Amino acid sequence: MNESLWYVSRATGVASIALLTAVVVLGALVSGRRRPHGEQATVVMAVHRWLSLGMVAFLLVHIATAIVETYVSIDLVSALVPFTSGYETLWVGLGTLAVDVLVAVLATSWWRHRLPERAWRVVHYSAYLLWPMALVHGLVLGTANEMPLLATTILCGVVGVGAILWRLLALPHHDRARRDAVLEQEWT
Amino acid sequence: MTVDTPEDLVGLLDAAGLTGRGGAAFSTAAKVRAAHGNGAHLVVNACDGEIGAVKDGYVVEHHLDELVHGARLVSGGGRRRRQVRFAAHRGSLTAHALGRAGLDVLEVPDRYVSSEETSLISLANGGLARPMTKRRPFVMGGTDQAGRRVPATVVLNAETVWRIAQVVERGPAWFRSFGTAREPGPRLVALTGAVARPGVLDTEAGVPMGDLLDAARPDPGWEHVVVGGLGGVLLTADDARSTTWSTAALARHGGAVGPGVIDVLDPSRCPLDVVTSFLTYAAGETAGQCGPCMFGVPSVAEAWRRLVETPSTRELEAVRAAAGLLPNRGACRFPDGVGRFAASALEVLHPHLAAHASGPCPTERSGHRVHRA
């Protein structure tokens, strides 16, 4: 039983990484200057949102099984407070920190309609921090000695970095350029 | 008339039927009631922001005491006295006059959209003088785009505030002895352009527009007039002479009394070029926030320039289509006004465009000295 929990925890961890990467990639697609338009945008946005909730389901199982199984000492506190775990303090802590940031991202998205756009945006940008944290956490702890799992995690990293570069390296948008040009004028 | 309580003031304004003289013609009683209810700060708009407008400056120059009294009446209501500021374009004579009188002057950049109600509220609260989205009226307080709190503020046009003082002093019956039942009260109108006697007239709704024009002695050859500036409409001399000065009558031409500007176009200048310069100015005045303002207004100007260059049905339809896309989409009504102006120019200058398409400009043919700007 304990052994199977350990395997479930590792499997859901890798699944969470894959889903998180997919969510990040979709997020980069819908937020960048080359974002899709019309129906396409609606579909991509919907998948981005629902996939993030699916990812949370896997993540909850990953965390719960990691606490319950007794191979390594991770308790409820160290699942919430970073760098308190007895086992691999730094690398487990990195995962915990990613979860905490994720909670903030999820909460602000859930109450997005009640928040100033800027507040939501700033918190949402932190997804670009939590994703590499989760990736390193997975790479060092769970998948380092299993080739298929290691390959999956590395592939996630490559795809994610590619999507972020695709977003950053877009040409300046004429809308943004015009806004900035007008803002340069005398307005006070 | 005695005004002991805020309710007295609102009651008087209601009885008088005073509406905003800045252009939107909204009930002043309703605004003052909301201002008292919310303890709103007051901004008196003396910017004369519309092209050709000078009447706010006229009020400051000739009726400053009553203006200040009116502002006190509005701001004095409620539990405590609220801040009163007088907005005028930086460096203008009006700003200097207000400053000399020791009033709190809100210096506004000389931009078309900067004297818009929400632009002034933004500027008064340390923001940029650009329009804000009205999720609800700012007289109730609200938030700007960045989510910062904006205190309850009411903006009233300078003439409106002067009229408030007049209504309190002379009573609603006196006020209603001017104008029409639907548009009661005296109102100022600025006459400008190709006239021998430019200036401000204290008139009323319902008088023949021909009388107002004749009082200013227009150029004998005048053919077109712009009523209400960039947010108004173009009229032919015949239409102008056969209508009365009221929103009810001007509505037939898509116009309104608006901010009270009658601009007689110089008959020696091709009216197409005049419209081009109006629209080119409009394109440069975008606030850079909403699509219809940022891209729509410049594309109307561009379509118009192409039409003037090569008059054709296709180019004409392009202007009509571009102008038709502007209304009801921006944070403020600037694109709506430009769309209305462009549509009326198309309508009124159709014969002139047709003449351009088939030969030289009729303005040049008529032997007038032609100077292009």
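Select strands S8, S7, S11, S9 and S10 of chain B, which in that order form an open five-stranded sheet with mixed pairing; strands here are DSSP runs of E of at least two residues, helices are runs of H or I of at least four, and both are numbered from the N terminus, while two strands pair if DSSP finds at least two bridges between them. This is a predicted model, in which local features need pLDDT of at least 70 and side-chain atom pairs count only at pLDDT 80 or more, whereas totals for chains, interfaces and linings use all residues. Residues are numbered from 1 along each chain as its sequence is written, and chains are lettered from A and ligands numbered from 1 in the order in which they are written.

Next, select residues 224–227 and 261–264 of chain B, which are strands S9 and S11 and pair in the antiparallel sense over three bridges. Within this pair, Val227(B) stands opposite Ile262(B) in S11(B). On moving to S9(B) and S10(B), you will find antiparallel pairing over four bridges, with His224(B) opposite Thr236(B) in S10(B). The hairpin of S9(B) and S10(B) has five residues between the strands, and Gly228(B) there takes a positive phi near 95 degrees.

**The parallel sheet of chain B**

Now select strands S3, S2, S1 and S6 of chain B, which in that order form an open sheet of four strands with parallel pairing. Strand S3 (105–108) and strand S6 (153–157) of chain B have a single partner strand each, so one side of each of these edge strands is left without a neighbour in the sheet. The twist in this sheet averages 25 degrees from one strand to the next.

Strand S1 (residues 41–45) of chain B pairs with S6(B) in the parallel sense over five bridges, and Asn45(B) stands opposite Asn157(B) in S6(B).

Asp56(B), Gly57(B), Val60(B) and Glu61(B) of H3(B) make the contact with Leu93(B), Thr94(B), Ala97(B) and Leu98(B) of H5(B). By class, the residues of this contact are four nonpolar, two polar and two charged; Ala, Val, Leu, Ile, Met, Phe, Trp, Tyr, Cys and Pro count as nonpolar, Asp, Glu, Lys and Arg as charged, and the others, Gly among them, as polar.

**The helices of chain A**

Turn to chain A, which has eight helices and zero strands. Its mean pLDDT is 90, and 98% of its residues reach 70 or more, pLDDT being the predictor's confidence in each residue, from 0 to 100.

Select helix H4 (residues 89–110) and helix H5 (residues 117–125) of chain A, which pack at an angle of about 150 degrees with their axes 9 Å apart. That makes H4(A) roughly antiparallel to H5(A), and their crossing is left-handed. Here Ala104(A), Val105(A), Thr108(A) and Ser109(A) in H4(A) meet Ala119(A), Trp120(A), Val123(A) and His124(A) in H5(A).

**Where the chains meet**

Finally, show both chains together: 11 residues of chain B are in contact with 10 residues of chain A. The side of chain B that touches chain A has seven nonpolar residues, three polar and one charged.

Terms used. Two residues are in contact if their C-beta atoms, placed from the backbone, lie within 7 Å. Axes are lines fitted to C-alpha atoms, for helices over the stretch in contact, and angles run from 0 to 180 degrees between N-to-C directions. Angles under 35 degrees count as roughly parallel, over 145 as roughly antiparallel, 65 to 115 as roughly perpendicular and the rest as oblique. A crossing is left-handed if the near helix is turned anticlockwise from the far one by less than a right angle, and right-handed if clockwise.
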